[in-house]
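Here are my notes on the structure below. Please keep the view open while reading the points in order.

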Amino acid sequence: MVWTARAKQLWRSLFRRGQLEAELDEELRACAELIGGEGLEQVKESVRDEYWGIRLQSLWQDFGQAWRTLWKSPGFAAVALGTLVLGIGANTAIFSVVYAVLLRPLPYDRPEQLALIWSRFEKTGALHAPTSPIAYREIQHRNRLFQDVAAIWVGTGTFTGGAEPEQVKVAFVTPNFLHLLAVRPALGRVFAPDEHFGDRTAVVLSYGLWQRRFGGDPQIVGKGVEMQGANPTVVGVLPQGFQLYFSTESNVAMDAQVFMPFDDYLYERPLTLYYLRLLARMKPGVGTAQAQEDLNGVAAQMRAVYPQFADENMKLSLAPMQQDAVREIRPALLALFAGAGLVLLIACVNVANLLLERASGRRRELALRTALGAGRGRILRQLFLEGLVLCGVGAVLGVGLGWIGVRALLSLRPDYLVQLRNVGLHWPVLGFVAAVTLGSAMLFGLAPAWESTSLNLMETLREGGHSAAPIRRRVSAALIVGEVMLGFVLVIGAGLMIRTLANIRAVRPGFVPEQVLTFQLSLPPLPSHGAVTAWVKDWEAALCALPGVQAVGGTSHLPLGGFANWYSPYRPDGVPENQAAGMIADYRSVTPGYFHAMNTRLVDGRFFNEQDRAGGRLVVVVDELLARRAWPGESAVGKRIEAEHTVPTAYGFEFTTDWSDVVGVVEHVRNHSLSQEVRPEVYVAWEQSPRSPLGFAVRSTGDLMALAPAVRKELARRNPTLAISNVRAMTEYVESARAPASFTALLAAIFAVLALLLAAVGIYGVISYSVSRRSQELGVRMALGASSWDLMRMVQREGLTLMAVGLVLGIAGALAVSRLLGGLLYGVSAVDPLTYMVAFGAIVAATLVGCWRPAARAARANPVDAIRAE
Amino acid sequence: MNKPSEVLQGTLDLMILRTLELRPMHGVGVAERIRQVTNGVFVVKAGSLFPALHRLEGKGWLESQWGQTEEGRRAKLYTLTRAGKAQLAAEKRNFRRVFHAMNQVLEGE
């Protein structure tokens, strides 16, 4: 009964509208005495509002109306749409990245339980240091709030079976590692948490490697594969797309192709060597803070039991895996996100201004509609719908632009933001765009609505719509001031980022990267160190003999190469052991030709030479940073230093500490980051401290990529089971080290240009409107003897006044914001005068451009036209 | 209490239902009746009355048909339905409860 009544009304309002209207008319006419002064149409309108069908229809009509209104003024629509598309597009692109990198949960089972455990040495400032096997064992036994703790270290290995030998990244893991991540293998199984393997006899392959090297062999599980030094059995294949998400600093490559178990072998290595990265799964319901408490207890117990932990005052810190993986890129991304937000804000301000301007041009129209019975709600709705239609179209086009933008970002630097591989227009991104769009529509709708609430019917109709309401002028002036302010902040941000990039490009990394080819090589497993030494000497000589090659050298770690770092304590002669805490250096084992090949400058003494033999006097070369710190004001050459060396063993090498003579000082090499001198450096002679694999640098005058095949041929000739990998020009490493700065600077610059453009459009809109409103006044002034030039100046002054106020606020804003940028800057002060001057100039230029056309129009003001216009 | 007041929000529906309980009436009749009964305290405006009548009809509490007013004019007459009677009873109870509570608050001062 009840719902039939409702259905009947809906039916009538949708399909019997004419009859309904007629009946309503008749009903109300019969009650004319009751209606009196209220107005027949108004009463009708409020009755109509009770009918859902009519509401729906009128909504639809309003949509149509909004659409037509927009098309009636294509110039306005184009400017407003263009503005919106830029704003929404920039935000879609950046938010796609922010979502993929910062927000989307890691693709593991219950990722919120996963956390990394770092050693923390506050004295030396190493806050995210790896742990040692012994610490790992203690943490695993002593913790109470973790389901399990696993360890990983990524090194290299070489596949030898098959046509081409191939060097791959090998993740050495405790057997529980993959199980802890709850990986479901594509084939076979992963290692069982308590499995024992003896000595490296099992592997789990990545999907990509399985497909590429083993042709996707479905029978591969259980087969042995040939690798240098071992012939492990394949126990499983990882699922497609499996990746490790660790921060760059942790040196755990995302794309390890092979997983091998550590097993007992873990505890054969020196127990105190810090190289393990720990991944933990917290028990269900345990929070990060609780887990950290637990770890504090564990660390205290360890310090009580082991003197070395007590001496170093080792602490343990916990970081959620997701948070830790993005620790380095987070600030830059958030800054860019904020930048995109500012651009959108400017875009919104512009569109609001345009709509506002039009709304006041339409005051007569709106007043007329009110007189004809349209309720205030209906008018507000129409204005809101116009905003919505505008935003809707803007959003569709903006998402398109954003998609193109994301593609462009991807092509910029795929390996810097590795998670970018997963960037796309996911639902949350589209949701974000929808929210932004709706928010913008509200914002636009509100401004004109505010205006129309102060609508006074009679006055508006009477005055003929020629003078701008003072309230409206104040609002749009405020909007312009805001725009100038936001624009200025963005230009400052971009300027600082560009200067940072320029500084990073100008920095000398401690070598000359041009014309150097680099590659990695695992040395052949020869029976004695002497044999390996002879092999390396012979190999370097052969490379040197290649056409165009000037110098060849090997190093345990290429600078900026991103392989597991080697850093350890050192102690200059005369410093007592208990005062050496905090003396930590990067160690590099290099062959005599290395400094020549890299063109690293010698500051004092000599480079290594053929005399620095195994078994001879131990020598080191240090960098100027260490020399200055250890022996300020003195020559370092001839001084003695306790440094770490390696000695060959059956399974590779082992670390020892020994007194060594400093024979030379070289310039500091930026091993980790172009913008930071992270640690001083100690170089040991490779023959005295062997390590494998070696990174080789070949300096050549010829084409580097033509050199690579020649190197491969040379290697195949002497040992067909060896393979070179990571064949890259040294400049590539430098380029990718610059990538974060380039990325940030480029995007910041794009945003700044957008902001300037939009601000100019905004200023144009407001000034142009004001000129058209004042055409009469201008004409009168001209008739009274003002020159065109006077009028132009007058109009420009109006724009410049707004700009000046905006600039003052902008400087305050920029000062506040640039302090937040501090960590992203290099070699430039956050209040860099040059940047501020340029930004100032850019804003003035944008204002003048924005004022130009209206001013020119003012100059052409014609007294006769002005008087006729009324 | 000389100045007529606008009908309290929410009580208009109740008053309309109560008025139509007596007999079918057209819009003017309802407004007149309310004014008389309240001695001119409540004045129902057309802009509130007609939307309310149509709304109550939509809820199924009123029915309308064309008929003659007492003066013999053709007009749309509204009748209370069974559902409308039930609703009126419920609203009366509710209003009394609220009114009683309100009184206690005022007396308590």
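**Notes on chains A and B**

1. Two residues are in contact if their C-beta atoms, placed from the backbone, lie within 7 Å.

2. This is a predicted model, in which local features need pLDDT of at least 70, side-chain atom pairs count only at pLDDT 80 or more, and totals for chains, interfaces and linings use all residues. Residues are numbered from 1 along each chain as its sequence is written, while chains are lettered from A and ligands numbered from 1 in the order in which they are written.

3. Is Leu53(B) buried or exposed? Leu53(B) is buried, because 23 other C-beta atoms lie within 10 Å. The cut-offs are these: a residue is buried if 20 or more other C-beta atoms lie within 10 Å of its own, exposed if 12 or fewer, and partly exposed in between, with C-beta atoms placed from the backbone. In chain B, 33% of the 109 residues count as buried.

4. Leu53(B) belongs to helix H3 of chain B, residues 46–58. Helices (H or I, at least four residues) and strands (E, at least two) are DSSP runs, numbered from the N terminus. Chain B has 4 helices and 4 strands, and their order along the sequence is β-α-α-β-α-β-β-α.

5. Sequence separation deserves a look. Of the contacts in chain B between residues at least 6 apart in sequence, 51% join residues at least 24 apart. Leu53(B) and Arg93(B) are 40 residues apart along the chain, and their C-alpha atoms are separated by 22 Å.

6. How many residues does each chain give to the contact between them? Chain B gives 20 residues and chain A gives 19 residues. On the side of chain B that touches chain A, helix H2 (27–37), H3 and strand S4 (74–80) each give two or more residues. H3(B) gives the most, with 8 residues.

7. Ile54(A), Asp62(A), Ala66(A) and Thr69(A) are the buried residues of H5(A). They lie on the same side of H5(A) because they cover an arc of only 115° around the axis, the arc being that of the directions from the helix axis to the C-beta atoms. Exposed residues on the other side of H5(A) include Trp60(A) and Arg68(A).
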